[in-house]
Amino acid sequence: QPHPEVSFAKKEYSLYATQTVKTSVNANAAAGAVTEYQSSNTRVAVVTSGGVIKGIKKGTATITVSTS
């Protein structure tokens with residue numbers, strides 16, 4: 001089975017506290033990709049299973065997208 005390919009419409013976001021943004025992640029569905037999102041610092045930003053990122057407070061967080 002081929003590895004899923006993931007592409008991003010935008011790779012960096014700047015958010016204020018309580019501001020949200022929907023990520024644009026395109027995973028190769030033909031490869032059976034299941035996308036999961038994770039924040040490296042949930043005190044700064046959280047992300048839902050649907051890819052909506054919410055700013056919490058000033059700082060830096062990396063949002064990781066996993067496919068399988």
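Which backbone oxygen does the side chain of Ser39 reach, and at what distance? In this predicted model, the side chain of Ser39 reaches the backbone oxygen of Ala45, at 2.6 Å. The views below begin with the whole chain and return to Ser39 and Ala45.

**View 1. The protein chain is built from 7 strands and has 0 helices.** Read along the sequence, the pattern is β-β-β-β-β-β-β. Of the 68 residues in the protein chain, 18% are buried, and the chain exposes about 5,000 Å², of which carbon and sulfur atoms supply 48%. Among contacts between residues at least 6 apart in sequence, 49% join residues at least 24 apart.

**View 2. Three strands form an open sheet in the order E2-E6-E5, with antiparallel pairing.** Strand E2 (20–22) and strand E5 (45–47) are the edge strands, each pairing on one side only, and the twist from one strand to the next averages 20°. The antiparallel pairing of E2 with strand E6 (residues 52–55) runs over 3 bridges, and within this part of the sheet Lys22 stands opposite Val52 in E6.

**View 3. Strand E4 (residues 36–39) pairs with strand E7 (residues 63–66) in the antiparallel sense, over 4 bridges.** Strand E4 has a covered face, made up of Tyr37 and Ser39, and an uncovered face, made up of Glu36 and Gln38. Ser39, which has its place in strand E4, has Ile63 as its bridge partner in E7.

**View 4. Ser39 is a buried residue whose side chain makes polar contacts with the backbone.** Because its relative accessible area is 12%, and the cut-off for a buried residue is under 20%, Ser39 counts as buried. A polar atom of the Ser39 side chain lies 3.2 Å from the backbone nitrogen of Asn41, while the side chain also reaches the backbone oxygen of Ala45 at 2.6 Å. With neighbours within four places in sequence left aside, Ser39 is in contact with Ala45, Val46, Val47, Ala61, Thr62 and Ile63.

**View 5. Ala45 belongs to the largest nonpolar core, a set of 5 residues.** The members of this core are Val25, Tyr37, Ala45, Val47 and Ile53, and one of them, Tyr37, lies on the covered face of strand E4 together with Ser39. When neighbours within four places in sequence are left aside, the contacts of Ala45 are Ser39, Ile53, Lys54, Ile56 and Ala61.

Note on methods
Residues are numbered from 1 along each chain as its sequence is written. This is a predicted model: local features need pLDDT of at least 70, side-chain atom pairs count only at pLDDT 80 or more; totals for chains, interfaces and linings use all residues. Side-chain values use heavy atoms; hydrogens and water are left out. Two strands pair if DSSP finds at least two bridges between them. Helices (H or I, at least four residues) and strands (E, at least two) are DSSP runs, numbered from the N terminus. Axes are lines fitted to C-alpha atoms, for helices over the stretch in contact, and angles run from 0 to 180 degrees between N-to-C directions. Buried means under 20% relative accessible area, exposed over 50%, partly exposed in between (1.4 Å probe, protein chains only). A polar contact is a pair of N or O atoms within 3.5 Å; within protein, one must be able to donate a hydrogen and the other to accept it, and residues adjacent in sequence count only if both atoms are side-chain atoms. Contact means heavy atoms within 4.5 Å. A nonpolar core is a set of buried Ala, Val, Leu, Ile, Met, Phe, Trp, Tyr and Cys residues joined through side-chain atoms within 4.5 Å. Accessible areas come from the Shrake-Rupley method with a 1.4 Å probe; for residues, only the protein chains shown count as cover.
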